Amino acid sequence: MFRPLLIAACLLALAACQSPATAPTPGGASVAPHPATTIQGRALYLERIAPPPGAVLSVQLIDNQLADTPAAVIASADFADIKGSPFVFSLPYDAAKLRPNGRYGLHAGLRDAQGTLWFVTDTRVPVTPGSSAPVEFRLVRAGGDPVAPVAGTPWEQAKARGSVFRGLGTEPGWSVEVGGGTAPRLSADLDYGERRIEVARANKTSDGYVGSTGDGLAVSLTTKKESCSDGMSDTEYPASAILTVAGKTYRGCGRFLSE
């Protein structure tokens, strides 16, 4: 009689000692700890001026490999009642939207009550979702003086700058723009925005452009009108693009903006 009672007592003691993080569910599976789903950060600017009345800090978590596609924005939030630099924020995000081996960055802007942009990040801030370390970055003055926010998609913005072609690719993320004229400017952001190159006067060829940067890097861009997929989203583009910089090749897609 005592033996069944002793066994039952031991089983109860073992159940009480189980960790809540690994306790079995009714179906028998273990419950994994929930991953961190917020990014803690501080945005600051060096100018000794107070934020405009009604200032709002907008922060976005961007998937760098899906830039310029609808799926690029993983999370976005506005933070009101901004009192002064630095601005502390906590950006929530859905961990289910993250991709294995993905690369992510933050974009932020400070606007007044009328929507005028005062300060903005001048490059995408690298971030690792799930890390407990706070992210700190600097905002720079938007155009030197408060200016109206730029409207439209990146393609419309590029066209407004006078570019006739824009291309982009993934793995690693890159983008390129070419201006108009017989000796156009060619500029590119490479390796997820970590590098920027510019050819002041490129030569137009039968299938693209060639030139060199100020420090002597050989650059070529080959474009072709054909259906193109970036391989990371469902977006189809009307042109393909192959950018070569100092022997390194970047393959992707693009659009002719003058058509």
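A search of the whole structure finds eight salt bridges. A salt bridge here is a side-chain nitrogen of Lys or Arg within 4 Å of a carboxyl oxygen of Asp or Glu. This is a predicted model, so local features need pLDDT of at least 70, side-chain atom pairs count only at pLDDT 80 or more, and totals for chains, interfaces and linings use all residues. Residues are numbered from 1 along each chain as its sequence is written, and side-chain values use heavy atoms, with hydrogens and water left out.

Terms used below:

- Helices (H or I, at least four residues) and strands (E, at least two) are DSSP runs, numbered from the N terminus.
- Two strands pair if DSSP finds at least two bridges between them.
- Buried means under 20% relative accessible area, exposed means over 50%, and partly exposed lies in between (1.4 Å probe, protein chains only).

**Salt bridges**

- Side chains of opposite charge can pair when their charged atoms come close.
- Arg 99 and Asp 63 meet through their side chains in a salt bridge, at 2.9 Å from N to O.
- Arg 99 sits in the loop between strand S4 (87-92) and strand S5 (104-111), and Asp 63 sits in strand S2 (residues 56-63), so the pair ties together parts that are 36 residues apart in sequence.
- Arg 99 is partly exposed, at 26% relative accessible area, whereas Asp 63 is buried, at 0%.
- Arg 161 forms a salt bridge with Glu 177, and their closest N and O atoms are 2.4 Å apart.
- Arg 161 belongs to the loop between helix H2 (154-160) and S10, while Glu 177 belongs to strand S11, so this pair ties together parts that are 16 residues apart in sequence.
- Glu 177 counts as buried, with 13% relative accessibility.
- Asp 189 forms a salt bridge with Arg 196, with the closest N and O atoms 3.0 Å apart.
- Asp 189 is partly exposed, at 27% relative accessible area, and Arg 196 counts as exposed, at 52%.
- Salt bridges that share partners join Arg 161, Arg 166 and Glu 177 into one network.

**The nine-stranded sheet**

- Nine strands form an open sheet with antiparallel pairing, in the order S13-S12-S11-S10-S18-S17-S16-S15-S14.
- Its edge strands are S13 (195-199) and S14 (203-205), and each pairs on one side only.
- The twist averages 25° from one strand to the next. For such angles, axes are lines fitted to C-alpha atoms (for helices over the stretch in contact), and angles run from 0 to 180 degrees between N-to-C directions.
- Strands S10 (residues 163-169) and S11 (residues 174-179) run antiparallel and are joined by six bridges.
- Ser 175 in S11 is the bridge partner of Leu 168.

**Strand S17 and its partners**

- Seven of the ten residues of strand S17 (residues 236-245) are buried, so this strand is largely enclosed by the rest of the structure.
- Strand S16 (residues 218-229) pairs with S17 in the antiparallel sense over nine bridges.
- Glu 236 in S17 is the bridge partner of Ser 229.
- S17 is joined to strand S18 (residues 248-256) by seven bridges, and the two run antiparallel.
- Ile 242 stands opposite Arg 251 in S18.
- S17 and S18 form a hairpin with two residues between them. Ala 246, in the turn, has a positive phi of about 50°.

**The three-stranded sheet**

- Three strands form an open sheet in the order S4-S1-S8, and the pairing is mixed.
- S4 and S8 (135-138) are the edge strands, each pairing on one side only.
- Neighbouring strands of this sheet are turned by 30° against each other on average, direction ignored.
- Strand S1 (residues 38-44) and S4 run antiparallel, joined by six bridges.
- Thr 38 stands opposite Pro 92 in S4.

**Around Thr 121**

- Thr 121 has its place in the loop between strand S6 (117-120) and strand S7 (125-127).
- Thr 121 is buried, with a relative accessible area of 7%.
- Its side chain makes a polar contact with the side chain of His 107, at 3.2 Å.
- A polar contact is a pair of N or O atoms within 3.5 Å; within protein, one must be able to donate a hydrogen and the other to accept it, and residues adjacent in sequence count only if both atoms are side-chain atoms.
- Leaving aside neighbours within four places in sequence, Thr 121 is in contact (heavy atoms within 4.5 Å) with His 107, Ala 108, Phe 137, Arg 138 and Leu 139.
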